[in-house]
Amino acid sequence: MDYSVFSAKIGRKLTNEILISDPSDSELSAGGTQTVIIGSFGTGKSTMMATFAEYSDSTNESKLPLMHARMTNDHERLKELRVYPTTVVYRVRDSDIWPVLIPGNWKERYPESFRVPKDLVLFVNEQDAAGVLFYTVNKAHEPIPIPYMPEVCTYSDALDLVTKLRVGWINAILEPQEYYLSDNLIDYIRVIRSEDRPTDINKPLVPSGKRPVGRPRQKKEPRDYSNVAVKPAVFWFDFISAVRTGFHGKPIQCIFDEADDFISSTSSDTHWWLVYDFAEKYRDLRKNNISTVVSTHSWDMLFYAIPKRASYKIMLPGTVATPKFTMIRKTDIFSQLPSGHYMIEKSFKEFGIDRFSRIPKPIMGKIEGLRGDFKGLTNQKFKEIKKIYESGDNVHPSTYLQKNLPEVIEI
Ligand SMILES: Nc1ncnc2c1ncn2[C@@H]1O[C@H](COP(=O)(O)OP(=O)(O)OP(=O)(O)O)[C@@H](O)[C@H]1O
Ligand SMILES: [Mg+2]
């Protein structure tokens, strides 16, 4: 396929629109953007999302001059423009490349870059802090500490976390491993299911004079949701609503890899209502300057309204040219894309092609102590790595290894 017929200029422009946030209230500005990335296994979704975390910036004026400077690589102009790193929320998962985003690691990979890497803080729920351990593996597949392991902070709930978010940093967040519906979500479910409406047992359901078809409604005790354990990823619904109220409209980029964990198309019962509510509020996130980038393997893994309402779509091999979601009509256009290229489309209006590069020497972040997971570390290894982190001398595993080599006995 001849990909030169697709506009690389539009592709780059749309990518920059995702990466740059501007305030939603000035005339030319757009606020936050909502993006869906579709691609089958191993097509580079996680790589692209990590890159987006590092490169998202914000400006207090319209994004147009900044976009222009970025697209023309005008470094002089870039220095003049007032640009701030956008606060990033990055959902941390097991076997995820988040450790490359730690500034020490990023700098080692891109020593020439004129950008200062964003700082990174790692958040874990206070209930999980003792049992969870982050590590990686070396070439021999032995567990080792994560190079330049950052500070691990704890949060009690979504509201608490929002107050602790570091502005302009990458906030890498592990969702709580056990999650119950919050009062906020319970209230919402009661309202939408009309469980809060008083039911009158004596009143027929149909207008008087006609025979009621159904049984009169029995007065039911409202269901007790407080003990309903839900998928841990439901936490993100609480989190987004906490950001809407608690982050005061500051630009924020939320990166949710494998987002079908919580905005899935096949949710049942309680979870379905939460997804429905999220989809209702999804487009309005723009006005709160909240941007989201969610990724998954195919359109139908996500709740229908999410890809339908997303303003930007990034399509990698494995995407099907479903007319409901994209204006591109041929699936071949996606499946034959050369490695590292993607199609990007804005709201059924325009599309183009763009490229991204692989991150050199990706670091696979593993997590021990996740709920329902097999043990990856022996107790001894767990303690050993934890001790290294606590000692504070974990700058890089190589320094740690050097320190721990047996002293040379000179003969
Ligand atoms: N632009 C690129 N060019 C060439 N190789 C790449 C590029 N981006 C990523 N890769 C390589 O492809 C592999 C898969 O990348 P990545 O994990 O980002 O894909 P993914 O779509 O998230 O995969 P999964 O579906 O398993 O989550 C990695 O080995 C990565 O180094
Ligand atoms: Mg991935």
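This report describes a predicted model, moving from its conventions to its strands, cores, ligand shell and loops.

## Conventions

Residues are numbered from 1 along each chain as its sequence is written, while chains are lettered from A and ligands numbered from 1 in the order in which they are written. Because the model is predicted, local features need pLDDT of at least 70 and side-chain atom pairs count only at pLDDT 80 or more, whereas totals for chains, interfaces and linings use all residues.

Helices (H or I, at least four residues) and strands (E, at least two) are DSSP runs, numbered from the N terminus. Two strands pair if DSSP finds at least two bridges between them. A residue is buried if 20 or more other C-beta atoms lie within 10 Å of its own, exposed if 12 or fewer, and partly exposed in between, with C-beta atoms placed from the backbone.

Strand 14 covers residues 290–296, and seven of its seven residues are buried, so the strand is largely enclosed by the rest of the structure. Both of its faces are covered. On one side are Ile-290, Thr-292, Val-294 and Thr-296, and on the other Ser-291, Val-293 and Ser-295.

Strand 2 (residues 34–38) pairs with strand 14 in the parallel sense over five bridges. There, Thr-35 has Val-293 as its bridge partner. Strand 13 (residues 252–256) also runs parallel to strand 14 and is joined to strand 14 by five bridges. Phe-256 stands opposite Val-294 in this pairing.

An open sheet of three strands has the order 8-7-18, with antiparallel pairing. Strand 8 (143–144) and strand 18 (366–368) stand at the edges with a single partner strand each, so one side of each is left without a neighbour in the sheet. Three bridges connect strand 7 (residues 133–137) with strand 18, and Tyr-135 stands opposite Lys-366.

Helix 12 (residues 379–391) packs on this sheet and touches strand 7, strand 8 and strand 18. The direction of helix 12 makes about 100 degrees with that of strand 7; axes are lines fitted to C-alpha atoms, for helices over the stretch in contact, and angles run from 0 to 180 degrees between N-to-C directions.

## A hairpin

Strand 16 (residues 341–346) has five of its six residues buried. Strand 15 (residues 312–315) runs antiparallel to strand 16, with four bridges between them, and Lys-313 has Glu-345 as its bridge partner.

Strand 16 is also joined to strand 17 (residues 350–355), in the antiparallel sense, by six bridges. In that pair, Lys-346 stands opposite Glu-350. Strand 16 and strand 17 form a hairpin with three residues between them, and Ser-347 in the turn has a positive phi of about 35 degrees.

## Nonpolar cores

A nonpolar core is a set of buried Ala, Val, Leu, Ile, Met, Phe, Trp, Tyr and Cys residues joined through C-beta atoms within 7 Å. The largest one has 82 residues, of which Ala-53, Tyr-90, Leu-101 and Ile-255 touch the most other members. Helix 8 (residues 235–246) gives the largest share of this core, seven residues. Another core, of seven residues, lies apart from it and includes Tyr-135, Ile-146, Ile-367 and Ile-385.

Leaving aside neighbours within four places in sequence, Tyr-90 is in contact (C-beta atoms, placed from the backbone, within 7 Å) with residues including Ala-53, Trp-98, Ile-170 and Ile-255. Helix 2 (residues 45–55) has eight of its eleven residues buried, among them Met-48, Phe-52 and Ala-53.

## The shell of ligand 1

Ligand 1 is surrounded by 14 residues, and the closest are Gly-44, Ser-46, Thr-47, Gly-340 and Arg-358. A residue is near a molecule if its C-beta atom, placed from the backbone, lies within 6 Å of it.

By class, the shell has three nonpolar, nine polar and two charged residues. Ala, Val, Leu, Ile, Met, Phe, Trp, Tyr, Cys and Pro count as nonpolar, Asp, Glu, Lys and Arg as charged, and the others, Gly among them, as polar.

## Loop residues

Ser-95 has a positive phi of about 55 degrees although it is not a glycine. Ser-95 lies in the loop between strand 5 (87–91) and helix 5 (103–109), and counts as exposed because it has 9 C-beta neighbours inside 10 Å. His-248, in the loop between helix 8 and strand 13, has a positive phi near 55 degrees.

Note on methods:
Contact = placed C-beta atoms within 7 Å.
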